[in-house]
Amino acid sequence: MVGLMGAGKSAIGRRLATRLDMPFVDADTEIESAAGCSIEEIFERHGEEAFRDGERRVIARLLEGPPIVLATGGGAFMDETTRKLVEGAGVSVWLRADLDTLVRRTAKRNNRPLLKNDSPAKTLKSLMAIRHPIYELSDITVESDDAPPEETVNRVCAALDAYFTKPRHNGTQ
């Protein structure tokens, strides 16, 4: 699962994992466990670059294991190495949400280091401009809107079904 903070990667990912009878893993939780502190503390103590390095290593480790539904952090897919790892190990699903939805959802929690400023909406809009072109490289895009979470999970399942049943062209017919 890829997308901006507030897109629903963890909420939808948990439900999707249950539906698919697969384990769910939140990369941010795994990073915090490996670091022994919160993401906010990692940012404060070591900076974003150190966080991204740890994130890359944790996601690589997770993708080497058995199949899972993985909710990545909002910036993880921006890293080319991580994108290639995801591409080689699974199917990337971009949960795309509009700005109003992201602002509303992220306002519920104050533990997002990139939004600790005077204008979280402006920050999110800027992140959308930078990250959406990279998120578009995902295998699947699903809208994450105000529909009930189960409806979004249904959309993801339908998109996965379509992805796995579409003919693959390898130069032969």
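I take helices, of at least four residues, and strands, of at least two, as DSSP runs numbered from the N terminus. The model I am reading is predicted.

**Entry 1: Asp21**

I looked up aspartate 21 and found it in the loop between α1 (9–20) and β1 (24–26). Its phi is near 55°, a positive value in a residue other than glycine. Is aspartate 21 buried or exposed? I noted a relative accessible area of 70% for aspartate 21. Exposed means over 50%, so aspartate 21 is exposed.

**Entry 2: α1 and α8**

Two packed helices are described by the angle between their axes and the distance between the axes. For α1 and helix α8 (residues 149–165), I found axes that come within 9 Å and cross at roughly 60°. I therefore put the two helices down as oblique to each other. The crossing of α1 and α8 is right-handed.

Which residues make the contact? From α1 I listed Ile12, Arg15, Leu16, Arg19 and Leu20. From α8 I listed Pro149, Glu150, Thr152, Val153, Asn154, Val156, Cys157 and Leu160. Sorted by class, the contact of α1 with α8 has eight nonpolar, two polar and three charged residues.

**Entry 3: α6 and α7**

I then looked up helix α6 (residues 99–106) against helix α7 (residues 120–135). Their axes lie 10 Å apart, and the packing angle is about 130°. That angle makes α6 oblique to α7. I noted a right-handed crossing for α6 and α7.

On the α6 side, the contact is made by Leu99, Leu102, Val103 and Thr106. On the α7 side, Ala121, Leu124, Lys125 and Met128 take part. I divided the residues of the contact of α6 with α7 into six nonpolar, one polar and one charged.

**Entry 4: β3 and β4**

Last, I turned to the strands. Strand β3 (residues 93–96) runs parallel to β4, and four bridges join them. What stands opposite glutamate 143 of β4? I found arginine 96 there.

In a regular strand the side chains alternate between the two faces of the sheet. For strand β4 (residues 140–143), I wrote down Ile140 and Val142 on the covered face. Thr141 and Glu143 are on the uncovered face.

Definitions and conventions
Residues are numbered from 1 along each chain as its sequence is written. This is a predicted model: local features need pLDDT of at least 70, side-chain atom pairs count only at pLDDT 80 or more; totals for chains, interfaces and linings use all residues. Side-chain values use heavy atoms; hydrogens and water are left out. Axes are lines fitted to C-alpha atoms, for helices over the stretch in contact, and angles run from 0 to 180 degrees between N-to-C directions. Angles under 35 degrees count as roughly parallel, over 145 as roughly antiparallel, 65 to 115 as roughly perpendicular and the rest as oblique. A crossing is left-handed if the near helix is turned anticlockwise from the far one by less than a right angle, and right-handed if clockwise. Contact means heavy atoms within 4.5 Å. Ala, Val, Leu, Ile, Met, Phe, Trp, Tyr, Cys and Pro count as nonpolar, Asp, Glu, Lys and Arg as charged, and the others, Gly among them, as polar. Buried means under 20% relative accessible area, exposed over 50%, partly exposed in between (1.4 Å probe, protein chains only). Two strands pair if DSSP finds at least two bridges between them.
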